[in-house]
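The exercises below are meant to be worked with the sequence and the 3D structure at hand. Try each task before reading its solution.

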Amino acid sequence: MSNSNVERLLFYANEQYSQFVRGIQESISIDPERFEYIAELYFLWALKARGDDAIERSFDAFVQFTTDVNFAQARYEANGHYENKSFHDVYKKHYSQKSQMDDYLWGVYLTNFLWAHHLEISIFFEDRFLSSLPDAPSIVEIAPGHGGWGVWALHKISNADLLGFDISPSSIEIASSIALAAGVNDRASYHEQDAMNLVDLEVEPKDALICSFLIEHLEDPIKLSQ
Amino acid sequence: MTVLNQLNDVFQGVFEDDELFVNRTTSANDIEDWDSLMHVNLILTVEKEFGIRFASTEVSRLNNVGQLLDLIESKL
């Protein structure tokens, strides 16, 4: 790796969280050039949006998020059920808690290239999805979360526009800050809205839909497709 | 048996290596298979062995055996 931001991440991970270094190396090994390109893009936006210590703070959040996910899965396998029983439980404990959601979203942001299987999805997103869009596409993003996917689309396609809906106020704030950092905020618009109530909105027909990592958060995912 | 000896048995079991001996400075840099997934397996095994329970926030920042040892002893 020749770029300083990726080296900076590896140095910090090695110093503070050595058990996470192998996972990063696994992701790099998928495609070193694409890893570096995507990582640098995401780091550039994070540094502009969060300040000089964005890489370290975001990696702290990534470590906590990854540990939470691994713990939740391991406890599920041991107990046969998740600790939270309903969407309401999760909303009360997590989605509505701003500081927790801010960390959560920045942690998820880094998974787009630090988790090997997410890097593969990112590569697919650029090679197969973005490349297939028509000229000047109008895109809707349901549950943008950190906003990285949609901002990437706007970054790649200079005449695209995007309308995003997310249930979390933190998501609207962070996605907007990343759009601003990427210089695409004039073509991105984010609104607080439950994905399950989108059918009630009057929205112009769109050319493309981005919806990433939402289904697993829904109690009734079939309803979304209806 | 000291807590460190008991913890060493856990490490040997989790990493399936009877020749593994840890000390306070041992970290993931010293054990090839100690990645973030194995870290959670290790922590869950420690919970069972010592009859304690950790919060995810307590274990995400652990970076060596000494820090894990201190955390275990704070709960015994």
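The radius of gyration used here is taken over C-alpha atoms, and the globule rule is 2.2 Å times the number of residues to the power 0.38. The model is predicted.

**Exercise 1. Chain B as a whole**

Task: Compare the radius of gyration of chain B with the value for a compact globule, and describe the make-up of chain B.

Solution:
- Step 1. Chain B has 76 residues, for which the rule gives a radius of gyration near 11 Å.
- Step 2. The value for chain B is 11 Å, so it agrees with that of a compact globule.
- Step 3. Along the principal axes, the C-alpha atoms of chain B fill a box of roughly 30 × 30 × 20 Å.
- Step 4. Chain B holds four helices and zero strands; read from the N terminus, the order is α-α-α-α.
- Step 5. Of its 76 residues, 51% count as buried. Among contacts in chain B with a separation of 6 or more, 50% come from residues 24 or more positions apart.

**Exercise 2. Two aromatic pairs**

Task: Classify the ring pairs A:Phe65 with A:Tyr104 and B:Phe11 with B:Phe15.

Solution:
- Step 1. Two values are needed, the distance of the centres and the angle of the planes. Centres must lie within 6.5 Å; planes under 30 degrees apart count as stacked and over 60 as edge-to-face.
- Step 2. Over all chains, the count is 25 aromatic pairs. In one of them, A:Phe65 and A:Tyr104 are 5.2 Å apart, centre to centre, with 85° between the planes, and the pair is edge-to-face.
- Step 3. A:Phe65 belongs to helix H4 (residues 54-79) of chain A and A:Tyr104 to helix H6 (residues 98-114) of chain A, so the pair ties together parts 39 residues apart in sequence.
- Step 4. A:Phe65 is buried at 12% relative accessible area, whereas A:Tyr104 is partly exposed at 26%.
- Step 5. For B:Phe11 and B:Phe15 the centres are 5.8 Å apart and the planes at 25°, so this pair is stacked. B:Phe11 is buried with a relative accessible area of 0%, and B:Phe15 is buried with 9%.

**Exercise 3. Two helix contacts**

Task: State how H3(A) and H7(A) are oriented to each other, then do likewise for H1(A) and H2(A).

Solution:
- Step 1. Helix H3 (residues 32-50) and helix H7 (residues 116-129) of chain A pack at about 85°, their axes 11 Å apart. Angles of 65 to 115 degrees count as roughly perpendicular, and H3(A) and H7(A) are therefore roughly perpendicular.
- Step 2. The residues of this contact are five nonpolar, one polar and three charged. Among them are A:Arg34 in H3(A) and A:Glu126 and A:Asp127 in H7(A).
- Step 3. Helix H1 (residues 4-16) and helix H2 (residues 21-30) of chain A cross at roughly 150°, and their axes come within 9 Å. Angles over 145 count as roughly antiparallel, which is therefore the arrangement of H1(A) and H2(A).
- Step 4. On the H1(A) side are A:Leu9, A:Leu10, A:Ala13 and A:Asn14, which meet A:Val21, A:Ile24 and A:Ile28 in H2(A). The contact divides into six nonpolar, one polar and no charged residues.

**Exercise 4. One residue**

Task: Is A:Leu162 buried or exposed, and which residues does A:Leu162 contact?

Solution:
- Step 1. A:Leu162 sits in strand E2 (residues 161-166) of chain A.
- Step 2. Its relative accessibility is 3%, so A:Leu162 counts as buried.
- Step 3. Neighbours within four places in sequence aside, A:Leu162 is in contact with residues including A:Ile139, A:Leu154, A:Tyr190 and A:Ile210.

Note on methods:
Residues numbered from 1 in each chain as written. Chains lettered and ligands numbered in written order. Predicted model: local features only at pLDDT ≥ 70, side-chain atom pairs only at ≥ 80, totals over all residues. Heavy atoms only, no water. Phe/Tyr/Trp six-rings, centres within 6.5 Å; stacked < 30°, edge-to-face > 60°. Buried < 20%, exposed > 50% of the residue type's maximum accessible area, 1.4 Å probe, protein only. Axes fitted to C-alpha atoms, helices over the stretch in contact; angles between N-to-C directions. Parallel < 35°, antiparallel > 145°, perpendicular 65-115°, else oblique. Contact = heavy atoms within 4.5 Å. Nonpolar A, V, L, I, M, F, W, Y, C, P; charged D, E, K, R; others polar.
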